[in-house]
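Biologist: Could you take me through this model, one question at a time, and state the cut-off behind each term when you use it?

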Amino acid sequence: MIQRPKGTKDILPDEIYLWQYVEKKIEEIMSLYGFKEIRTPVFESTELFLRGVGDTTDVVQKEMYTFDDKGGRSITLRPEGTAGIVRAFIENGMASWPSPLKLFYNMAMYRYENVQKGRLREFHQIGAEVFGTDSYLADFEIVEMANRIINDLNLPNIVLEINSIGCKECRGKYQEALKSFIGSKIDEYCDTCKSRFEKNTMRILDCKEKKCKENNANAPSIIDYLCENCKTHFINLQKLLDNSNIKYKINPRIVRGLDYYTKTVFEFVSEEEGYTIIGGGRYDYLIKELGGQDTSAIGFAIGMERVIELFKKYNLDKLEKSRPELYIAYIDDASCNFANKLKFNLRQLGIYVEGDILQRSLKAQLKYADKINAKYVIVIGENEIKDNYAQIKNMQTGNSDKIKLDENIIKQYIKK
Ligand code: HAM
């Protein structure tokens, strides 16, 4: 039997209602904050991610699905959404649209990861990006919106961690300090860290190897190296979070796994699951680096598989699976036509009605109605057609009422 590729998932009908509920909730919140949806291609030129995400990141070095297409172009399945959205922003001249521009997306991403709990090779993100503002007010709005999503979805025990990784100015000084800290013991680091030492020293702080993590424990903190501008920006954000009673922890170890970040970075971490649910931050240089005008931006992405796992754990009992409001069964061929017509008319009126399409016996029809959890059942036979009345049975209480076989009357009865 052919099986699904490792690290992918089928989302079956008995789970999809959770996805639809969560997606709707998130998209409703994003709409309240003025975000409009954008969809970009699943695949992009590989160069976009090399330049956008950074060629010393794990994502680019180890995790991309890259191949040559039949025309010999190097193509990559998007490992994340931001680079593609920035490409679309530049290509479609969105810099001339009213600023700030707020976009959201709900898209599948692809990373060749070591598959484990909460870590897949195909996964879904809902992300939000704001273009055209370097103000801390935008940082606050974006973090506050992410916080609202966590709260409205009733996901407990999630901690907001924030950091600032500065701008080009402060980062230069910090990289020097980090270099001299790591340089003396670089032999103790893994090969990947060694190869990143010269080109992107800060990336070493993101290494997951035990030995490297231990070595990094006492590394200098970027926060001590922030320039006045970045420091004020970071403090202003904290003041707004304090004013709104949004709890957070400053974690100077957050560097994020993608190279485009500047100033504010943040993660919403589930401590009990041990993974990040939402990750994001500011990326003030990326648009220019990819060939656009100098435009500041900030955003985040929610890992949907991780949110769904948590949502299931805490809220499953609060949601009802969609179930037919009515099942119309029939006894013989003559009543089959009548039942079909009634089913058709009720569906036209917007009622979720099921009926037999297998030419099964009445007994089998009623068994199926029970299995699919229909709320009401009507059985049509010769007498019912003659009287134009039938019994409508409430499957939960077992009570029946006599009802006229008129779609408007039935609709009214079901909806009462
Ligand atoms: P990221 O931290 O790489 O950021 O991913 C964001 C979220 O996607 C993670 O916090 C996690 O919940 C989920 N995620 C990442 N990798 C996987 C995986 N292999 N399996 C399941 N879930 C995963 C970004 O992608 C940035 N583009 C976010 C951003 C938007 N920054 C600014 N704007």
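Biologist: With which residue does the side chain of Thr 82 make a polar contact?

Modeller: This is a predicted model, in which local features need pLDDT of at least 70 and side-chain atom pairs count only at pLDDT 80 or more, whereas totals for chains, interfaces and linings use all residues. Residues are numbered from 1 along each chain as its sequence is written, and side-chain values use heavy atoms, with hydrogens and water left out. A polar contact is a pair of N or O atoms within 3.5 Å; within protein, one must be able to donate a hydrogen and the other to accept it, and residues adjacent in sequence count only if both atoms are side-chain atoms. At 3.1 Å, the side chain of Thr 82 makes such a contact with the side chain of Tyr 260.

Biologist: Is Thr 82 buried or exposed?

Modeller: Thr 82 lies in helix α4 (residues 82-91), where helices (H or I, at least four residues) and strands (E, at least two) are DSSP runs numbered from the N terminus. Leaving out residues up to four places away in sequence, Thr 82 touches Tyr 105, Glu 129, Tyr 260, Tyr 283 and Leu 286, contact meaning heavy atoms within 4.5 Å. Buried means under 20% relative accessible area, exposed over 50% and partly exposed in between, with a 1.4 Å probe and protein chains only. Because its relative accessibility is 7%, Thr 82 counts as buried.

Biologist: Which side chains are joined to that of Thr 76 by polar contacts?

Modeller: Thr 76 is found in strand β4 (residues 74-77) and, because its relative accessibility is 0%, counts as buried. Its contacts beyond four places in sequence include Val 42, Phe 43, Glu 44 and Met 64. The side chain of Thr 76 makes polar contacts of 2.8 Å with the side chain of Thr 46 and with that of Thr 66.

Biologist: Which backbone oxygen does the side chain of Arg 121 reach?

Modeller: Arg 121 sits in the loop between β5 and β6 and is buried, with a relative accessible area of 9%. Leaving aside neighbours within four places in sequence, its contacts include Lys 6, Tyr 65, Met 109 and Glu 113. At 2.8 Å, the side chain of Arg 121 reaches the backbone oxygen of Glu 113.

Biologist: How much of the ligand does the protein bury?

Modeller: A nitrogen atom of the ligand is 2.6 Å from an N or O atom in the side chain of Tyr 261, and a nitrogen atom of the ligand is 2.8 Å from a polar backbone atom of Leu 120. An oxygen atom of the ligand lies 3.0 Å from a backbone N or O atom of Ile 277. Taken alone, the ligand exposes 660 Å² (Shrake-Rupley method, 1.4 Å probe), and the share of this that the protein buries is 96%.

Biologist: Which element supplies the largest share of the shell around the ligand?

Modeller: The ligand is surrounded by 27 residues, each with a heavy atom within 4 Å of it. By class, the shell has 11 nonpolar, 9 polar and 7 charged residues; here Ala, Val, Leu, Ile, Met, Phe, Trp, Tyr, Cys and Pro count as nonpolar, Asp, Glu, Lys and Arg as charged, and the others, Gly among them, as polar. At least two shell residues each come from β6 (122-131), β10 (275-282) and β11 (297-303). The largest share, 6 residues, comes from β10.

Biologist: Against which elements do the buried residues of α1 pack?

Modeller: Helix α1 (residues 13-32) has 20 residues and reaches 29 Å from its first C-alpha to its last, close to the 28 Å expected at 1.5 Å a residue, the expected span being 1.5 Å times one less than the number of residues. Among its buried residues are Leu 18, Val 22, Ile 26 and Ile 29. An α-helix has 3.6 residues a turn, so residues three or four places apart point the same way. The buried residues of α1 pack against β5 (101-110), β6, α5 (136-152), β11 and α11 (304-315).

Biologist: Which residue with a positive phi follows α12?

Modeller: The buried residues of α12 include Cys 336, Ala 339 and Leu 346, and they pack against β12 (326-330), β13 (353-355), β14 (376-380), α14 (382-387) and α15 (407-415). After this helix comes a residue whose phi is positive, near 90 degrees, namely Gly 350.
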